[in-house]
Amino acid sequence: MGGYVGRYLEVDLTRGSITDLPITEEVRRKYLGGSGLAAYLFFLRGKYTADPLGPDNDLFVLTGPISGTLVPGSSRFAVAARSPLTGIWGEGSCGGDFAPALKRCGVDGLVFVGQSPTPVMFVLDGGEVALRDATDLWGLDTYETTDRLRETMAGKRRPSVLSIGQAGENLVHFAAIANNKHDFVGRTGMGAVMGSKRLKAIVCRGEGTIPIADPVAYKVICKELVSKISQAVPAQALKEMGTDSAMDLGMMIGDIPIANWSRGEDFELSNALSGPTMSETYLKRGLACYACPIACRREVEVPDGPYKMAVGPGPEYETCASFGTMLAQKDLAGVIKSNEWCNRYGVDSISAGCTIAWAYDCFSKGLLTLEDTGGVPLEFGYVDGAIAMLHKLARREGIGDLLADGSRAAARRLGRGSEELTAEIKGLEIPMHDPRGSHGLALSYMTSYRGACHKAHLVEAIEHGLAGYTDVGLEENYDGLSSEGKAPMVRIGEDLGVPLNALALCEFDMWCYQFDDLVRAIRAVTGWEDFSVEEYRRTGERLWLLKRALNNLMGVTRVDDCLPLKIRTPLPDGAAAGLVPDEALLLGDYYQERGLDETGRPLAEILQRAGLAEVDAVLHR
Amino acid sequence: MSIRFPSEEWVAAFFKAINESPEYLEGGKPWTYGVTALVVNPQPEIGLTEAYGIWLDLHEGVCREAHACTVEEAQTAPFCIFGDYARWKQVIHKELEPVKGMMQGKLKLKGNLQIIVRNVKAAQALVTCATRVPTTFLDEP
Ligand code: SF4
């Protein structure tokens, strides 16, 4: 079988031992890899009540069957565990070059169990597999860690480094994991899980190859996909202007959150913070993940001024919004600096920006004072306040200790009505797409298995018409401002999107071709000759149901599938002014469509039909 | 009286609507990037045997000139937007926002995408002007 290199390792950090973890071919085909396989392994281990930051919370770092091949967008891998931020299923996916590097070492995935008494790093260097002391790296940021490891492992091929910064070490609940300096496993706090295990870094360098089942068909389909991508307008926009290419358009359709979700339109902000502005000012060049013709990543330089930064990684759209529009501040250099600190400390810039925006909102209403903030005025429009908060939260200093647990926990601790100013679902801060302008997206935020998430499905791209998958039962146009009839679209968008993080493939590349193309690529790589779009969709449904069941086992019920008050409050202006998603209608339709019972659990027959009898036996016992 | 789209009369009425529009005067102010040509792709079954071009010399919130043109002339403009008849009809009915349509590949742009995506307000105001032209469509009885 092609695609997989055939080896999974379990690393016991308590004992310092490394063993092989057998995974059958049947299991691989059923759960693919990445976050899909991680969910199944998590289920088998049954540690639903494990303290997310304790030794029993296993950490999965898994590639998928097409990771590291030349299928465009296949640079990705997934990291998964119980999330310290949400307390439920946590996962994040990341591009860069780690997945091909891991596979070149002859390894498809790693599972870290236990907890090391001292800082360690896991090294795969060609045939060598070892746990090494990392005491001298503890306390360094992710850029410093990457540089140090690349210096000490200098050679013909540069190693790929996964590392945590001070935020992960200090167990910030939304700590991220960096792949080198540009790419991050951002959401749900996987960096904190790594920090709790005192695992500072994972380093890979290898020379092996990935077996391809049908090299001729593989070459043909890869060429076709590159050609389709090069002709697609979204790819062109991403290449020229990055993921922030359409901020003005987003402003027009009511997609951009402003001042902690309180306003709906401000073109001055979007003009100042958009991708075209970045291209004209600080952009040095676009960069690509491994084997991606799009190259949406930004490399920028701020040559002078208070936010001076040498040439290095620049912000994506999400950060331009979370440290820009969300704070009602329009200094793009300030966003770039905030992004640098998020990267260096290793925090999810969405959760960090949203938690800080919540603090700004609290400050504006007198719920936090200068005394609380250590003398920093958290006034909307003032980006230095956010940078100061980043320093504090990464080190858990003063108010930083409150912010470091995320907005839900911070509001619970602060009280005084501050809970009404958060915008999170199941503990995960809502990403930078206002669901009041996209009611299908609102539903997907409510039902996503990792909390408010825009990346575990294709709903956003489908609802905005960026990805036209008309061959799989989707319409060409959806009215974002309507809640009518959205459930079937959301369900299909989930079933199609969930396997991407199992394969593991970049969504942006997938916007440019059809599922039939993807399935041909999977067949050529793996040799699964009868793999079809239908099997792909059924796999998506299976993985969604499995993760939902895991969440049920970790306490999620229907009451958790809800929108926060912030989002149930109509905006005063912009395209979505006066409108809010019809929560009851959306959820009622969806529960029927998906086959969930009144408590929010998948029905037994639905699990059975999806090939999840063993999950049914545990969930409904 | 309704005017057939596309036709010279429609172009003249569109020109008038743009220059009478306070929305375009405001929203189109940042547009200093030259002529935008719109091309309706041919569709013989509704009587549109050749591509139909609309030349719009837009500058700082006013339309300095508008005329019907050939597809060849349209392609000399710095911005040329191509679309099927049904797509332009959706635009005039405000069912398809043109910049979004370009991102979705429903309208094809020849020109600088960066300039287009940052001028969504100008595009929106132009569409508002088009909706003010009483229009009949070739594919309707
Ligand atoms: S589109 Fe961007 S994020 Fe996706 S693989 Fe390419 S460069 Fe990486």
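This is a predicted model: local features need pLDDT of at least 70, side-chain atom pairs count only at pLDDT 80 or more; totals for chains, interfaces and linings use all residues.
Local features need pLDDT of at least 70, side-chain atom pairs count only at pLDDT 80 or more, and totals for chains, interfaces and linings use all residues. Residues are numbered from 1 along each chain as its sequence is written, chains are lettered from A and ligands numbered from 1 in the order in which they are written, and side-chain values use heavy atoms, with hydrogens and water left out.

Let's start with the domains. Chain A splits into domain 1 (8–205), domain 2 (246–422) and domain 3 (435–497 + 532–619), with bounds that come from an automatic or database domain assignment. Between domain 2 and domain 3 of chain A, the C-alpha centres are 27 Å apart. Their contact (heavy atoms within 4.5 Å) draws on 16 residues from domain 2 of chain A and 15 residues from domain 3 of chain A. About 1200 Å² is buried between these two domains, and carbon and sulfur atoms give 54% of that. Buried area here is the accessible area (1.4 Å probe) that two parts lose on being put together, summed over both. On the domain 2 side, A:Ile253, A:Trp261 and A:Glu420 supply 37% of the area buried against domain 3, more than any other three residues.

What about charges? Side chains of opposite charge can pair when their charged atoms come close. Domain 2 and domain 3 of chain A have one salt bridge between them, a term for a side-chain nitrogen of Lys or Arg within 4 Å of a carboxyl oxygen of Asp or Glu. The side chains of A:Asp361 and A:Lys566 also form a salt bridge, at 2.8 Å from N to O. Over all chains, the count comes to 54 salt bridges. One of them joins A:Asp58 to A:Lys47, with the closest N and O atoms 2.8 Å apart. Both residues sit in the loop between helix H2 (34–45) and strand E3 (59–62) of chain A, so this pair ties together parts that are 11 residues apart in sequence. Helices (H or I, at least four residues) and strands (E, at least two) are DSSP runs, numbered from the N terminus.

Next come the two chains. Chain A brings 24 residues to the contact and chain B brings 17 residues. Together they bury about 1900 Å², with 57% of it on carbon and sulfur atoms. A:Val233, A:Leu249 and A:Met252 supply 27% of what chain A buries against chain B, more than any other three residues. Two salt bridges cross this interface. A:Glu265 forms a salt bridge with B:Lys121, at 3.7 Å between the closest N and O atoms. Helices H8 (233–241), H9 (247–252), H10 (267–273) and H11 (275–280) of chain A each give two or more residues to the side touching chain B. H8(A) gives the most, with six residues.

As for the ligand, its surroundings include A:Cys289, A:Cys292, A:Cys296 and A:Cys506, where a residue counts as near if one of its heavy atoms lies within 4 Å.

Most residues other than glycine have a negative phi, and most peptide bonds are trans. A:Trp261, in the loop between H9 and H10 of chain A, has a positive phi near 65 degrees. The peptide bond from A:Leu503 to A:Ala504 is cis, with omega near 5 degrees. In chain B, the bond from B:Phe5 to B:Pro6 is cis too, with omega near -5 degrees.
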